[in-house]
Amino acid sequence: MKKLTAMIMAMAMTLSLFALLTGCGSDPSTEGTSGTAAQGGSINAYIWTEYVPESVIKAFETETGIKVNASFYSSNEELYAKLQSESSDAYDIILPSDYMIEKLVSQDMLAALDFSKLENFKNIGESYKNPEFDPGNVYSVPYLGGVAGIAVNTAKVTKEVKSYADLFDPAFANSIVALDDSRAVIGLTARSLGYSMNTADAAELDAIAAKLLTLKSNIKLYDSDSPKSALISGECSLGFAWSAEIALAMDENADIEIVFPTEGAYLFLDNWAIPKGSAKQDLALQFINYMLKAETMVDVLAEFPYVNPNEAALALLDESYTGNHAKNIPAEVFAKGEYIKNLDTATQAKYEEIWTNLKK
Amino acid sequence: MNKKLKKRIFKVSGTSFCALVYAFLFLPIVVIVTNSFNATTTKPYQTWKGFTFDWYVRLFDGSNASLLDSFKNTIIIAVTSTLLATVIGTLAAVGMYRYTFRGKSVIDGMLYIPVVIPEIVIGIALLTIFALVNVPRGMLTLILSHVSFSIPFVIFNVRARLAGYDNSIEEASMDLGAGRIGTLLRITLPVLTPGILGGALLAFTLSIDDVIISKFVAGNTYTFPLKVWDSIKSGVSPAVNALSTLILIGTIVFVVLTQSNLLKSEKRKSFKKKRKAR
Amino acid sequence: MEKHSRHQFRSNTLPALGTVGPVGIVLLGLVAVPLIYVGVMSFCSLDQYGNYIYQFTFDNYKNLLNPSYIQIYVQSLLIALATTIICIVLGYPFAYLIARTESKRKNLLYMLVIIPFWTNSLIRIYGWRTFLGDTGWLNSLLRGFGIIDAPIEFMYTRGATILGMVYCLFPFMILPLYSAIEKLDKNLLEASADLGAKGRKTLLNITIPLTKGGIFSGSIMVFIPCLGYFFVSDILGGGNSDVIGNLIQRQFQKANNWPLGAAISIILILITLVLVKAYQKAGGDMDSLGV
């Protein structure tokens, strides 16, 4: 028995020693919080899954000596919930979509960006500057955009699929991988009925709720993070997914095609921003400036081929990106589509109810 | 003859039933270990692309630093919370066994709460209170949470040991002039050791595998389970499988060593007993 | 305890405080107060931004009666019930066979039940996904042998969720069963056999009644966690077979409606209390829940 004791003690001690030895260096809270240091320090980034390549973050770390502690969310709502529950200095970098920027600004949760430290902002195309959700780009700079498109595995789907409405066809029972995102799925249904994705009309919402139930039996799987997996493997022959996920699935599986719905697609533009409580805004600005570099964006797009607002990067990209309509999405798709808007609390509760009803 | 045959059939079917259950328990382990040798480099790393040791190399070449960091966090949290829970829990078990005081039944009842209530409720309860008093979420909150859910298990284990404990030795010790603390250290603790160790081991096991409570109180800190949770979203990298395989091998080696030691010392004890009996 | 010697009565308060004080602080600060606060929050309202404010309302509880929520409670209870039954049906004969084996390897057999659980549970659940997916091991195997043409859809179903729950919670059924069966007096079973009782009769009249404590505590330890294990339904159910845990998690980590999440948690606590009370009524020992 004594030996057992000794052994467990020894194990505990070695483990804690190991942990202590390797632990001191990387604990973010012990690092300098001066913020002015050009070298060293660390920032906490809260970003979308499958959106910023690890290699890019690593390259930033080696270049600047700033460590990036990245954690990931799968929807704007998840980001918002986390920002609300954590202490205000928990994150230094976030990557909200259009409507979420507006919501965070309205609650005074974002820091105004110091553009004197963002010289690479000039790389952003004029059409992406001064967006409706953040006039004058006071709080945000664009990173990537895209649509929630339809993926069709033509080897398995013989019927023609042209619109969001086609996804409701009972012939497609149990074959769709859909985004696990309430606004996107409810938006899809709204568009299929000819409504706005942001409707607050009670009658329209009732119609959406009813229509959505017919989609339930067609959805096999909800996956916002990597819907391409189920598409590539053939587990799902149809997908409602972010455009780059579909583009990547197309690269892997030649049977897969992207369809931009005739009703006009769900559009999004994701943007870098800094929470107001961040104590390391200078480091965060360095990070954003690095992400705005043309060369950085080329690396990003190689891994996550979304729509690129960085004009300087566009010049460096080859045909495999610029010529691919799933990656470099045509302007008319954007002209026809719709962005998400914020809802009042009562409407939001209604949306949540519709969503729960779908997911039960 | 017939009876014998029947017995035989019974035995064979019993053995094969057990084998099937073991197969059920070990099947995912086989999948995990196999996939750690998968040469695939494309997400979601599901298709078999040939055999390689690469992922074990990549685990330590710096490309998986965040994964190793998360594992380190898990170990720090598990060791710290186990030590704290074991000390606090052992003291409490002894105190509650020995003394009568007001509120004892309240404490006794409260001990069962973390044990029976679903972890998610504990998780959100801790989250709300940490948010209320504005404790930054991270290592500290993780350790506090893990201490709170593992203490009862330590107490139950020690208490089980105390149930068969003979008070008179302690009294004798005190009668012979040893103080309370001396008695505690020299008499009580050694007797309780197996219970304490059992409790500690349980606390450690619960801590390293906890995902539900950690998910709510971790803030932007990653533990190994939380890292796995994140990687499941986009396809688990074989590097995670490789690390899991190494952990598994480590625990098996540990068990084999301690168990064989345990067996040996048990044997020695029974041998001594026999000799004494003569 | 009354017969404890004179030493115990000298001064009880100080040593009692010293030994039990720390645990009291932990239980108060990290168990009692947080749970009470959850109760308070379940009566809070939301402001226009969806943040909770201290304004009394019953709305959260009214919202719990939403038919789609009720369907999730029912579904969750059914999943937990199915999981518990499967665990008993598989676990009882299994525990019996390893507890009563005369093999020298009894200890090893016991350890083999525990060892898989030292690997992270999420990644083991993910292992099932790799095994059962449409292009997973099993379907590939069956297709390779020409047994099936199209893959069988195991994944993203309620069945897959139940499988995952059984897998995660199986040892919590085995451990109490094992210790209950091991304690059985062998002579009793033999006597029953000697008196001419058939195997089945012995099982029904002696073995099972004497080990029902193990069955009860195993059931409690399987059923209750099942209601909260949201990660299993997330990974294997594909979001199609949510349990109450998913509902709570969504309110706290996605929908940002803490008061509603708190109210659902209160319901979950009540369900737990009812089950535990029933367990105690049936003569269950609370301490055996903490294996």
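Modeller: Chain C places 70 residues in contact with 73 residues of chain B, two residues being in contact if their C-beta atoms, placed from the backbone, lie within 7 Å. This is a predicted model: local features need pLDDT of at least 70, side-chain atom pairs count only at pLDDT 80 or more, and totals for chains, interfaces and linings use all residues. Residues are numbered from 1 along each chain as its sequence is written, while chains are lettered from A and ligands numbered from 1 in the order in which they are written.

Colleague: Which element gives the largest share of the side of chain C that touches chain B?

Modeller: The largest share, 18 residues, comes from α1(C). Helices (H or I, at least four residues) and strands (E, at least two) are DSSP runs, numbered from the N terminus.

Colleague: And what is that side made of, by class?

Modeller: It has 48 nonpolar, 20 polar and 2 charged residues. Ala, Val, Leu, Ile, Met, Phe, Trp, Tyr, Cys and Pro count as nonpolar, Asp, Glu, Lys and Arg as charged, and the others, Gly among them, as polar.

Colleague: Changing topic, how many helices and strands has chain C?

Modeller: Chain C has 13 helices and 2 strands.

Colleague: Now α5(B): is it mostly covered or uncovered?

Modeller: Mostly covered, as 12 of its 14 residues are buried, that is, with 20 or more other C-beta atoms within 10 Å of their own, C-beta atoms being placed from the backbone. Among them are B:Glu119 and B:Phe130.

Colleague: What follows α5(B)?

Modeller: B:Asn134 follows, and its phi is positive, near 55°.
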